[in-house]
Amino acid sequence: MEKFKNKLTQFMYGRYGTDQLYNALIVAYFILIVVNAFISSAIISIFMAAVLIWIIFRTLSRNIYKRRMENEKFMKIWKPARAKGSLEIRRIKEIKTHRFRKCPHCKKVLRLPRTRGKHTVKCPCCNKEFEMRILG
Ligand SMILES: [Zn+2]
């Protein structure tokens, strides 16, 4: 086992390895397995093979700079998507007590107590006031 480990380390030397995009591709691959178990489509099978090849190719790649750039591009899309997702989860969790509204001036999302009626809200971010109605 130790020998195998050493060989693997030697083999991976100078190769790219794993990153966030790798993790995302693995997750995507497993989602595709589950989806394909239900609808078993040829297109998904081809897509799965492509994802798998891409995963292996990236992990073993010696062009570390290029792979790092790919990961950065991915993170640029993923980070705001994840932030938006967690906001949506919070919005649902606090639906009974709070409302989330965007400030029309600076576009920041504000968390407001759920009080029915028309309110004047002062944005803590840009200090501008705006009117808002909470229906219920
Ligand atoms: Zn604002």
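This report looks at the zinc site and the aromatic contacts of a predicted model.

## Ground rules

The model is predicted, so local features need pLDDT of at least 70 and side-chain atom pairs pLDDT 80 or more, while totals for chains, interfaces and linings use all residues. Residues are numbered from 1 along each chain as its sequence is written, and side-chain values use heavy atoms, with hydrogens and water left out.

## The zinc site

Four cysteines hold the zinc ion through their SG atoms at 2.3 Å: Cys103, Cys106, Cys123 and Cys126. Donors here are N, O and S atoms within 2.8 Å of the metal (3.2 Å for Na, K and Ca), and water is not among the atoms, so sites may look incomplete. Angles among the four donor atoms run from 107 to 114°, making the site tetrahedral (four donors, all angles between 85 and 135 degrees). Along the sequence, the spacing reads C-x2-C-x16-C-x2-C.

Cys103 is buried at 1% relative accessible area, while Cys126 is partly exposed at 26% (buried is under 20%, exposed over 50%, partly exposed in between, with a 1.4 Å probe and protein chains only).

## Aromatic pairs

There are two aromatic pairs, meaning rings of Phe, Tyr or Trp (its six-membered ring) with centres within 6.5 Å; planes under 30 degrees apart are stacked, over 60 edge-to-face, and the rest tilted. Tyr29 and Phe30 have ring centres 6.1 Å apart and planes at 80°, so they go edge-to-face. Tyr29 is buried, at 17% relative accessibility.

Phe74 and Trp78 are stacked, because their planes sit at 5° with centres 6.2 Å apart. Phe74 is buried at 19%, whereas Trp78 is partly exposed at 37%.

Note on methods
Four donors count as tetrahedral if all angles lie between 85 and 135 degrees; four count as square planar and six as octahedral if opposite donors are over 155 degrees apart and all others between 65 and 115; anything else is irregular.
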